[in-house]
Structures are given as C-alpha cells and as structure tokens.
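Colleague: I'm new to reading protein models. Could you walk me through one, feature by feature?

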Amino acid sequence: MKNFILKAIAYICFMVWITAACFVDSDSWIPFIIVCATSAWLILFSYANNWFEGYFDDGEQ
C-alpha cells in the first residue's frame, strides 16, 4: 500500500513539474522554485529506488 501511495505522489509531483516547467518563462520566480523543489523530490525518489543503478559507470571494466 505504501508503494502505491509513494508512486502516486511521484506521479503527481511529475505532473506538477511538467506544468511548472511550461510556465518557467513567466515574470514570476514561483514556477522556477516549484521546478527546483519537484526536481529535488523526483531525484531523491529515483535514487532511493535505485533507478540510477545502470546509468553511472563505477570505473570497472
């Protein structure tokens, strides 16, 4: 149940991010602040779920 709630929050956060990103070029700083806050949440959520695991090279070949 908690995974469903966390994924729903992440989905809503992503929709807010998309909406705020569309308004970044406005005269107000509020959309930019919202984009920064939602980006931080999405990055932390992704890192906590190991979604970046295959994207970075650890130097091992």
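Modeller: Let's begin with burial: of the 61 residues in this chain, 15% count as buried, where buried means under 20% relative accessible area, exposed over 50%, and partly exposed in between (1.4 Å probe, protein chains only). This is a predicted model, so local features need pLDDT of at least 70 and side-chain atom pairs count only at pLDDT 80 or more, while totals for chains, interfaces and linings use all residues. Residues are numbered from 1 along each chain as its sequence is written, and side-chain values use heavy atoms, with hydrogens and water left out.

Colleague: How many helices and strands does the chain have?

Modeller: Helices (H or I, at least four residues) and strands (E, at least two) are DSSP runs, numbered from the N terminus. Here you get two helices and zero strands.

Colleague: Is Thr38 buried or exposed?

Modeller: Thr38 sits in helix α2, which covers residues 30-48, and with a relative accessible area of 9% it is buried. For its neighbours, contact means heavy atoms within 4.5 Å. Leaving out residues up to four places away in sequence, Thr38 touches Cys13, Val16 and Trp17.

Colleague: And Val16, where is that?

Modeller: Val16 is in helix α1, and counts as partly exposed at 37% relative accessibility.

Colleague: How is a pair of aromatic rings described?

Modeller: By the distance of the centres and the angle of the planes. Rings of Phe, Tyr and Trp (its six-membered ring) pair if their centres lie within 6.5 Å; planes under 30 degrees apart are stacked, over 60 edge-to-face, and the rest tilted. The structure holds three such pairs. One of them, Phe14 with Trp17, is stacked, at 6.2 Å centre to centre and 15° between the planes. Phe14 and Trp17 are about one helical turn apart, because they are three residues apart in helix α1. Trp29 and Phe32 pair edge-to-face, with 5.7 Å between centres and 80° between planes.
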